[in-house]
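Dear colleague,

I am passing on the structure we spoke about. Please open it alongside this message; my notes follow.

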Amino acid sequence: MLWINLIGVALIAIIVWWFWLYKSSSVALQEGRVEVIVKDGVYQPSKIKIPANKETVLMFTRRDLSSCAETLLIPDLEINATLPLNKQESVTIPASPSGHYAFHCQMKMYVGELIIE
Amino acid sequence: MNNVSKSNTVEAKHACCKPKNTTQPDASDDKITNNLASNDRQSEHHLIVDGASCASCVSKIEKALNSVEGVQSAEMNFAQRTVVVVGNVADASLISAVEIAGYNAKIDTSESEEEAVDEKDKADAKYYKKLIRDMSIALLIGVPLMIYGLAIGEMTVTTSTERLVWFSVGLLTLGVMIFSGKHFYIGAWHSFKNHSANMDTLIALGTGTAWIYSMVVVAVPDLLPLMARHIYFEATAMIIGLINLGLALEVKARGKTSEAIKRLIGLQSKTARVIRDNKDIDIPIENVLLDDLVRVRPGEKISVDGVVTEGHTAIDESMLTGEPMPVEKTQGDKVVAGTINKSGSIVFKATRVGKDTALAQIINMVKRAQNSKPPIGRMADVISAYFVPVIMIIAVLSALAWLNFGPTPSIAFAIVSATTVLIIACPCALGLATPMSVMVGVGKAAEAGVLIRNGEALQSASTITTMILDKTGTITEGAPKVTDVLVANKLTREEVLMFAASIEAGSEHPLAMAIVESAKEQGIEPKKVTGFASIAGQGVEAKLDDSVLLFGNEKLMAKRGINIEAFIDKAQAFAEEAKTPMYFAVNNELAAVIAVADPIKSDSIEAIKRLQNSGIRVVMLTGDNRLTAKAIAEKVGISEYVAEVLPEDKAKKVVELQSDGEIVGMTGDGINDAPALAQANVGFAIGTGTDVAIESADITLMRGSLHGLADAIAVSKATLSNIRQNLFGAFIYNVAGVPIAAGVLYPFFGLLLSPVIAGAAMAFSSLTVVTNANRLRFFKAKEH
């Protein structure tokens, strides 16, 4: 039982580390644009780095049939966009100050982060 | 490129661009189109360009487009590969110019809202079909297994024959997992790789755990005590089937939540009959240019916004404004796209086309508002962001607790509780609770002619305790008429009106306009004045020849030391009749008093009663004198009013009420009430739906009636109540469901939730939220 309990505690530690503590790498703006694919429950890439105080365009393509994925929200920037299926949709990020801005679908099942710096 | 070659290009390209089922103008029409450039007309064209790979391509393309006759500006967005061209020019000319420059171009058709909606409906229908298919296959295996388990109860492995049979069933279940549940596992894996967890993670972990445990039982039964050799293949198949069913039903129900938008989009007509070169031609609506003359026959829709130049008719604007009575339109009156011409035939000049029409702006605004969240949803957002990993931890803790303290077979209890916790805890219902209600509520309001700017305004409107109503144009028609002119000995009535109209011609105040209008009706022409000055909240002054003219209220006369005693009783009598008395002085001597009355809107009394019946304190503010204000307030049933208020004092009154703890709504016409509208907790702009008010007010009432105000508050209250029900349902479901799934009731009642029940509950939780939100569609504001 001791081993089982230790495995359980380790599992909890892994969950905490993997989902909350781990800082995954972000994708920086390339040639003035970033393409984001919405597929299989995630935004790919889900961490995007863009320059501060400069208008930037993100190109979203939804390949996921789930109706939740249809809406893209960036609440802190007051952005909401409807992503048509299998079509590229541009979302303009206005010139914004540095910071971390979450983006997600309506149910918050698809989540990503915009790192403006 | 010279003009001749441009014209040829246009003609050559036109044939290929001819849309189906419309009478497209022939080549000569392009010439007509191009000729119109000289008339300063312009509209926006959106192109998608292929082949541009560098910054120099951008300048080449822009240069090519700018050289086309009629183009005022062409700007390319390199990132989007799109170009916005402003100017009076045919689409074909633009495509041709880009092609000559060495690139491919096409008209961006993604702007067609109707097409987008159709495509979305098709995609939803396809997704629904897929989910139903996945559900059917999973339940085809799951249901017989469950019935077998319930009827026979032998879901254990003891003999080698049973091992073989259950191994086959395990493979069959694996087939279900791959065929019907593949999307959950792929989603979970991608999500895991991205260090995030979602609904798929929970389903994949739950069903995966149940299947792996069952396969361990089948493969090596001797490792487990006899009582723990239970298999859960039926749970795996049932969970996958039920969750697919829940998703399918949710897709159906979601489609209904956006019906208001679909209806608004459906209002847009596809073609317009424009008059070009003295010929009526049908063209696609996107080809209508500014200043085009458009003919509309009875029963037809107005295609773009414009001003009537010919004819007389009645137009049904109910779909935009909620106003049921058709509105009479004649020369000079505005018409709005999407409304229906009821009686006569008219010709109107296009003043706004494409994305600039009021209808297009309204659709955009409603769409934006539908996706915004009121503050009430923020807590649910914060919770759902951390929810899934927390649930995973609870599942692990629950399994450990059963293993350490549970009865025999503790491993079976541990597996069941962990699986059930994972399955029942999906936060989808929590995530959907707010947006679904906002989507229906904002749409419902739009149907009643009420445009709500965002979720915050929607929530604030439901909490208003005091509503301030501006008098002129809000309670009253805002179109006053001169009722009495009392003159002193020196001047005649006509002279007074001429002087008054001359001085007021430069003012935009409704009372001033009434005087100018009255003079015009009597054939009196105003003269040109000099030194015009407006004295805020008091009146105006100017010079005409050598005479100094002063026109305004009692305050102004007192300030200038003019004796008004001769008319003060008469003025008071006018005021008591709800007429506004205005004094007119020439060279600092009182010359006349003019009474102007602004009729109360026919339904103001009833609408104010509706507001008061819903528990809202109604206060009237007006710049008018006390007696007139009192008379109007009494007529409409308002006991609290503040008269002789300067525009800047209206905002102060709002602050005063707010400091008393009131949640204040301010209703005005959006221009002179702007500071008060901005200061109020919720600003309602009335009757100016097609103008700046759409963008600036928290809530815009498309029709002039105060019923719109009562409707807005009723819809807002109903929506907030619906959100609360949804949040309560979702929270209770998770707060109560998770501990029960973990087994807290077992020590007391011997109750442990089955993973199948958890699967069904999870599947129907989102559906319950969406269905409850859809109840709002049947809400009738006027009955509340």
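**Notes on the structure**

Pro407(B) sits in the loop that joins α13 (378-405) and α14 (410-424) of chain B; helices (H or I, at least four residues) and strands (E, at least two) are DSSP runs, numbered from the N terminus. With a relative accessible area of 32%, Pro407(B) is partly exposed, where buried means under 20% relative accessible area, exposed over 50%, and partly exposed in between (1.4 Å probe, protein chains only). Setting aside neighbours within four places in sequence, Pro407(B) is in contact (heavy atoms within 4.5 Å) with Trp402(B), Phe413(B) and Tyr746(B).

Before the rest, some conventions. This is a predicted model, in which local features need pLDDT of at least 70 and side-chain atom pairs count only at pLDDT 80 or more, while totals for chains, interfaces and linings use all residues. Residues are numbered from 1 along each chain as its sequence is written, chains are lettered from A and ligands numbered from 1 in the order in which they are written, and side-chain values use heavy atoms, with hydrogens and water left out.

**Interface of chains A and B**

Contacts between the two chains involve 42 residues of chain A and 53 residues of chain B. The buried area is about 4000 Å², and carbon and sulfur atoms give 62% of that; buried area is the accessible area (1.4 Å probe) that two parts lose on being put together, summed over both. On the chain A side, Phe19(A), Gln106(A) and Met107(A) lose the most area to chain B, together 17% of what that side buries.

Seven residue pairs, both members at pLDDT 80 or more, are in polar contact between chain A and chain B. A polar contact is a pair of N or O atoms within 3.5 Å; within protein, one must be able to donate a hydrogen and the other to accept it, and residues adjacent in sequence count only if both atoms are side-chain atoms. The elements of chain A that each supply at least two residues to the side touching chain B are α1 (2-21), β3 (42-44), β5 (56-62), β6 (71-74), β7 (79-82) and β8 (88-93). The largest share of that side, 11 residues, is from α1(A). Sorted by class, the side of chain A that touches chain B has 22 nonpolar, 15 polar and five charged residues. Here Ala, Val, Leu, Ile, Met, Phe, Trp, Tyr, Cys and Pro count as nonpolar, Asp, Glu, Lys and Arg as charged, and the others, Gly among them, as polar.

Asn198(B) is placed in the loop between α7 (182-193) and α8 (199-219) of chain B, and at 3% relative accessibility Asn198(B) counts as buried. A polar atom of the Asn198(B) side chain lies 3.5 Å from the backbone oxygen of Met109(A). Not counting residues up to four places away in sequence, Asn198(B) touches Gly41(A), Met109(A), Ser191(B) and Val388(B).

**Salt bridges**

A salt bridge is a side-chain nitrogen of Lys or Arg within 4 Å of a carboxyl oxygen of Asp or Glu. Over all chains there are 27 salt bridges, and the rule finds one across the interface of chain A and chain B. In chain A, Lys47(A) pairs with Glu113(A), with the closest N and O atoms 3.5 Å apart. This pair links distant parts of the chain, Lys47(A) being in strand β4 (residues 47-50) and Glu113(A) in strand β10 (residues 111-116), 66 residues apart. Lys47(A) is buried, at a relative accessible area of 16%.

In chain B, Lys130(B) forms a salt bridge with Asp134(B), the closest N and O atoms being 2.9 Å apart. Both residues are in helix α5 (residues 113-151) of chain B, four residues apart, about one turn of the helix. Lys130(B) is partly exposed at 26% relative accessibility, whereas Asp134(B) is buried with a relative accessible area of 0%.

**Nonpolar cores**

A nonpolar core is a set of buried Ala, Val, Leu, Ile, Met, Phe, Trp, Tyr and Cys residues joined through side-chain atoms within 4.5 Å. The largest has 180 residues, and those with the most contacts inside it are Phe60(A), Ile93(A), Leu114(A), Phe684(B) and Ile699(B). Helix α27 (residues 707-742) of chain B gives the largest share of this core, 15 residues. Another core, of 28 residues, lies apart from it and includes Val485(B), Leu491(B), Ala519(B) and Ala591(B).

Regards
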